[in-house]
Amino acid sequence: MKHSGMSGDLNRERQKAIEGLEARAKAAYDKGEDEGAAEAYDSAARLLERHAVAAPSRKIEQARKGKALRYREYAKALRSGDIPKPEGRGGGELTQNRAGNRDVADRARSKDEDEIHGAVTALLHHSSVTWDKIGGLAETKREIKYALGISLAQLPPGIELAGWRNMLFYGPPGTGKTLLAAATSRAVSNAGGEQGSSSFFNVKVSSIMSKYFGESTKIVSELYGTARDVSPAVVFLDEFEALCGSRGEGDTGTERRILSTILSELDGLAEKERKDLYVLTIAATNRPWDLDPAVLSRFDKKILIPLPDPITRRAILEIHTTKRGFELEGELEDVVDLTEGLSGREIESLCKEVTNTMVADENKEIPNLVDQGLESVKSYSVRVRPLRLADFEAARRWVNPVTTPADMERYLEWRDAAEE
């Protein structure tokens with residue numbers, strides 16, 4: 001109850017802070033102080049994104065995310081000058097032009113538009129994943145950082161260099177493609193750290209296709225339009241092959257229209273000559289060979305996320321054992337050898353099984369304590385012991401790797417062919 005009260009106080013304080021920033025933004029806007037208003041709206045958007053995480057219901061969470069998006073649109077409009085001059089202002093109203101003039105603050109939407117905007121809003125996430133939270137993969141992370149950095153860095157006068165706006169992450173299931181995309185999104189944020197805010201649209205393509213099949217083309221267009229409004233942003237398209245598989249006899253007209261829409265967005269026509277916009281698309285797939293060649297040609301950076309090598313497996317094991325307070329009896333290298341052929345996700349599952357089994361064995365009286373009442377459980381201290389190689393060996397028998405050596409060889413062959 002005490003924790004709940006503290007949480008409620010934090011939410012109230014955050015809401016008061018948001019309202020204060022709203023008032024400051026509108027006051028600055030009415031005075032013609034565009035940069036001050038933009039900064040206040042950006043700050044309000046960051047607070048709203050954190051406020052959304054603590055929402056008591058999904059509906060409230062989406063409403064807060066939607067408001068955060070609108071405030072980012074306001075800030076963008078203020079900085080671009082796409083607003084009325086001071087003498088034409090009144091009552092703190094803001095307007096913005098994205099695809100023709102329209103009122104961003106309170107434009108009327110049809111029911112269908114509301115549903116599509118709501119679907120896109122639900123895809124927005126605030127990424128807190130940093131590179132150091134991803135075990136190993138040093139070379140892969142370096143390759144991503146270079147591609148990102150060279151796209152954002154300032155070039156010498158007179159030099160033009162085409163950076164990367166579309167990246168394809170491919171490789172076996174469970175190797176960390178989503179985590180890497182989230183960390184990339186964090187790196188794209190304007191300020192980083194506590195004050196930074198990255199617009200990360202995490203799109204599970206198969207879910208969108210099944211739930212909004214008839215509206216998928218509209219959702220893709222709205223997704224990228226919103227991403228441009230809140231630039232810089234990362235659009236992560238997971239299970240990409242579900243959206244852009246090879247064209248065949250089974251294609252429907254809707255699927256072809258979706259493919260045409262995604263190709264147009266990947267071409268970045270709406271961003272041509274716009275130096276103030278940066279929308280990075282990261283698509284992820286376990287089956288790159290199933291992608292349509294026309295789609296593959298839009299990705300100038302294709303990065304293989306492989307099964308973890310020994311150094312990466314060691315880092316992943318440490319994240320899920322010693323860095324969580326567990327002691328290891330014996331040599332960690334023996335456990336590293338035991339996990340050969342496993343993906344990062346499978347190693348995480350192995351560690352979860354080992355630690356939970358150990359705790360269950362050491363605390364067999366807990367079910368009886370539950371029968372005695374809440375106070376008995378709350379006063380009980382959980383016992384742990386060092387983890388042994390035998391614990392991992394026992395659990396390893398129940399973890400069957402999804403990716404075989406032949407599968408991994410196919411990824412390497414596809415990479416070599418793609419680079420030719």
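The model is predicted, so local features need pLDDT of at least 70 and side-chain atom pairs count only at pLDDT 80 or more, while totals for chains, interfaces and linings use all residues. Residues are numbered from 1 along each chain as its sequence is written, and side-chain values use heavy atoms, with hydrogens and water left out.

Visitor: What makes α5 and α6 meet, and through which residues?
Guide: Contact means heavy atoms within 4.5 Å, and Thr140, Lys141, Ile144 and Leu148 of α5 meet Leu180, Thr184, Ala187 and Val188 of α6. Helices (H or I, at least four residues) and strands (E, at least two) are DSSP runs, numbered from the N terminus.

Visitor: How do you know at what angle the axes of α5 and α6 cross?
Guide: Axes are lines fitted to C-alpha atoms, for helices over the stretch in contact, and angles run from 0 to 180 degrees between N-to-C directions; on that basis the axes of α5 (residues 138-152) and α6 (residues 177-188) cross at roughly 35° and come within 11 Å.

Visitor: Why are β3 and β8 called edges of the sheet?
Guide: Two strands pair if DSSP finds at least two bridges between them, and the open sheet of six strands has the order β3-β5-β6-β7-β4-β8, with mixed pairing. β3 (124-126) and β8 (301-304) each have a single partner strand, so one side of each is left without a neighbour in the sheet.

Visitor: What makes β4 and β7 a pair?
Guide: Five bridges join β4 (residues 166-170) to β7 (residues 279-285), and the two strands run parallel; Met167 has Ile282 in β7 as its bridge partner.
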